[in-house]
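Trainee: Could you take me through one part of this model closely, the sheet and what packs around it? I would like one connected account that I can follow in the viewer.

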Amino acid sequence: MRFMIDIDNQTTYVVQEEFLNSIVASLTQKDIELIITSNENIQHINREYRSIDKPTDVLSFPYEAMPMAPLGSIVISIEYVQNKAQELGHSEDEEFALLFIHGLLHLLGYDHECDNGEMREKERTLIEKFSLPKSLIVRTEG
């Protein structure tokens, strides 16, 4: 399998690259940029690109559809991952995987804010396919 995720890890979190690559390979043949950062940095990005001045869990930036171009960038706050995993009683890797799936689906054109549940259903399918905890499904239905 070719390298599919270009990771910019600005934290000490150990990325489960092989697992994330298997998720990407199940959905697209395009490369992905993954940026793992702090709440402070993701707040800055959120303010600059969405005019929302607060940290968030995950942001997605699709690239223009061109041959050989990457699909886009996913930015994840590791502090959000750590806090939510502790709050909900699952591992940081499981929380990270859920946010990665969420961001990847946005890059693929899904939008839970205006669809009829298609993105939530796709998240459910992927959670089950990759043996993530069923407790994550409840989050995607909120």
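**A close look at the sheet**

Mentor: Let's begin with Ser73, which sits in strand β4 (residues 72-77). Helices (H or I, at least four residues) and strands (E, at least two) are DSSP runs numbered from the N terminus. Do keep in mind that this is a predicted model, in which local features need pLDDT of at least 70, side-chain atom pairs count only at pLDDT 80 or more, and totals for chains, interfaces and linings use all residues. Residues are numbered from 1 along each chain as its sequence is written, and side-chain values use heavy atoms, leaving out hydrogens and water.

Ser73 is buried, with a relative accessible area of 5%; buried means under 20% relative accessible area, with a 1.4 Å probe and protein chains only. The side chain of Ser73 joins that of Tyr63 through a polar contact of 2.4 Å. Such a contact is a pair of N or O atoms within 3.5 Å; within protein, one must be able to donate a hydrogen and the other to accept it, and residues adjacent in sequence count only if both atoms are side-chain atoms. Leaving aside residues up to four places away in sequence, Ser73 touches Glu33, Leu59, Ser60, Phe61, Tyr63 and Leu107, where contact means heavy atoms within 4.5 Å.

The rest of β4 is covered too: six of its six residues are buried. Gly72, Ile74 and Ile76 are buried on one side of the strand, and Ser73, Val75 and Ser77 on the other, so both faces are covered.

Now step back to the whole sheet. It is open, with four strands in the order β1-β2-β4-β3 and mixed pairing. Its edge strands are β1 and β3 (58-62), each pairing on one side only. On average, neighbouring strands of this sheet are turned by 15 degrees against each other, direction ignored. In general, strands of a sheet pair through backbone hydrogen bonds, either parallel or antiparallel. Here, two strands pair if DSSP finds at least two bridges between them.

On one side, β3 and β4 run antiparallel and are joined by five bridges. β2 in turn runs parallel to β1, through five bridges, and Ile7 stands opposite Leu34 in β2.

Ile5 is buried, at a relative accessible area of 1%. Beyond residues up to four places away in sequence, Ile5 touches Leu20, Asn21, Val24, Ile32, Leu34 and Phe100.

Next, the helices. Helix α2 (residues 39-50) lies across β2, β3 and β4, at about 45 degrees to β3. Helix α4 (residues 92-107) lies across β1, β2, β3 and β4, running at about 150 degrees to β4. For these angles, axes are lines fitted to C-alpha atoms, for helices over the stretch in contact, and angles run from 0 to 180 degrees between N-to-C directions.

In α4, find Glu95. Glu95 counts as buried at 0% relative accessibility, and its side chain makes a polar contact of 2.8 Å with the side chain of His90. Glu95 also takes part in a helix contact: Ile78, Tyr80, Val81, Gln82, Lys84 and Ala85 in α3 meet Glu92, Glu95, Phe96 and Leu99 in α4. The axes of α3 (residues 78-88) and α4 come within 8 Å and cross at roughly 120 degrees. α3 and α4 are therefore oblique to each other, since angles under 35 degrees count as roughly parallel, over 145 as roughly antiparallel, 65 to 115 as roughly perpendicular and the rest as oblique.

α4 also packs against helix α5 (residues 118-129), at an angle of about 135 degrees with the axes 10 Å apart. α4 and α5 are oblique to each other as well. Residues meeting here include Leu98 and Leu105 in α4, and Met119 and Leu126 in α5.

Conventions:
Buried means under 20% relative accessible area, exposed over 50%, partly exposed in between (1.4 Å probe, protein chains only).
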